[in-house]
Amino acid sequence: MREFSTDILVIGGGPAGLSAAAEAASTGAGVTIAESERRLGGQLVKQSHKFFGGKEEHAGTRGYEIAKILKDEISQYGDRVRTMFNTTIVGYYGDEGIVTAMVGEEDYFHISPKKIVVACGAQERLIPFPNNDIPGVYGAGAVQTLMNVYGIVPGRRVLMVGAGNIGLIVTYQLLQTGVEVAAILEATPRIGGYWVHAAKVRRMGVPILLRHSIKRATGDQVVTGADIVELDENFSEAGLSEHVECDTICLAVGLTPTNELLWQAGCRMRYTPYLCGHVPLRDASMRTSNENIWIAGDSSGIEEASAAMIEGRIAGLSAAESLGYKAPPGKFDRYRSRLRNLRAGEVGEKIRAGVASVAVAEWGNV
Ligand SMILES: Cc1cc2nc3c(=O)[nH]c(=O)nc-3n(C[C@H](O)[C@H](O)[C@H](O)COP(=O)(O)OP(=O)(O)OC[C@H]3O[C@@H](n4cnc5c(N)ncnc54)[C@H](O)[C@@H]3O)c2cc1C
């Protein structure tokens, strides 16, 4: 079995992982990025809209352009950052100090890293309803990948389920490619995404039906439509169902942190609805209860790319420091202050509560 070692293994090449890699490499540490896909950038490569967030996190820049900025940043470190594409980290064996990696579907090998930053992003949630397994039912991430990575439209007429930012943005992207969107269904009484995104799709004639959900997909072999229904305040059916014709049902019903490796590594985990799932306890440097593992980005709780990048920088810097590399004075404080600014105000209220519930001041006290 092949095996090689590295100072710091960064698992995932999205905004969190790329930022961690850049920051660790800037101190002189050797870094390996393992990325399942054949490209870097994570979710960013699919985002054609301009991002919100802080100026230092490239607010006003389109997602795929932010990915390019981060890739350019790591390329300045030359061989100090090694990137392995099409490589998924599938197992953690702490006693032996190795992780197992899979290239494609057949080639396995070992990596023995001194330290690890887990930046594996998130997974899409799906909802149960009759016929949800027939062709034509997609997660919103899959629709984005089809359209924005492979240039393929998923269908001609889509029913979107979920009016959070992802549902609204993917609706807009569908409309831009000429696909009709019959409606957006939202089970709660309010639109979860930013108003600017909601206003755009409404102006383009897409109704957003609050307190509505999907009851079943219709069609024998493929989706031909959906029965939808109004909900009452207890999320029970409030009336007769209505039929909507469509060939695609797109589910944008939330994300949950990718955390399998963290469970395997024995990190102390806690469920917090504000961060959308089970996430590891972490100290201010993003270190978990496993002294060799740091976390960053959506794996540490569902937030935004802007926060993912800063968490990545903190995690990468701290992992490098633990190996004796030096961070310039004041850098941690600057990153922490940027993170606090991003999470300030009413919009950051739930994130602040979530982070507070998993923050650890000193590992010795836990
Ligand atoms: C439609 C949409 C719109 C958005 N709009 C905005 C916005 O306007 N502003 C904003 O700030 N944020 C936005 N976001 C959120 C933002 O994209 C995410 O918060 C951000 O990408 C999270 O970064 P990450 O690096 O943690 O994860 P990801 O970007 O998901 O990257 C994780 C990477 O890890 C890889 N990976 C996973 N597991 C493994 C493994 N075991 N081995 C190797 N590689 C692995 C994946 O292939 C992926 O490339 C949006 C997201 C979506 C879906």
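Which element gives the largest share of the lining of the second largest pocket? It is α8, with three residues. The model is predicted.

- The volume of the second largest pocket is about 330 Å³.
- Its lining has 13 residues, and those closest to the pocket centre are Arg336, Leu339, Arg340, Arg343 and Val355.
- Two or more lining residues come from each of α7 (305-322), α8 (331-342) and α9 (349-358).
- Charged residues number seven in this lining, nonpolar residues six. No polar residue takes part.

**Helices α3 and α4**

- Two packed helices are described by the angle between their axes and the distance between the axes.
- The crossing of α3 past α4 is left-handed.

**The α3–α4 contact**

- On the α3 side, the contact is made by Ala140, Val143, Gln144, Met147 and Asn148.
- On the α4 side, their partners are Ile166, Ile169, Val170, Gln173 and Leu174.
- Seven of the contact residues are nonpolar and three are polar. None is charged.

Notes: Residues numbered from 1 in each chain as written. Predicted model: local features only at pLDDT ≥ 70, side-chain atom pairs only at ≥ 80, totals over all residues. Heavy atoms only, no water. 1 Å grid on protein atoms, 1.4 Å probe; cavity = no way out; pocket = protein on both sides within 12 Å on 5 of 7 lines; lining within 4 Å. Points joined across faces, edges and corners; volume = space filled by probe spheres on them. Helix = DSSP H or I, 4+ residues; strand = E, 2+ residues; numbered from the N terminus. Nonpolar A, V, L, I, M, F, W, Y, C, P; charged D, E, K, R; others polar. Left-handed = near helix turned anticlockwise from the far one by under 90°. Contact = heavy atoms within 4.5 Å.
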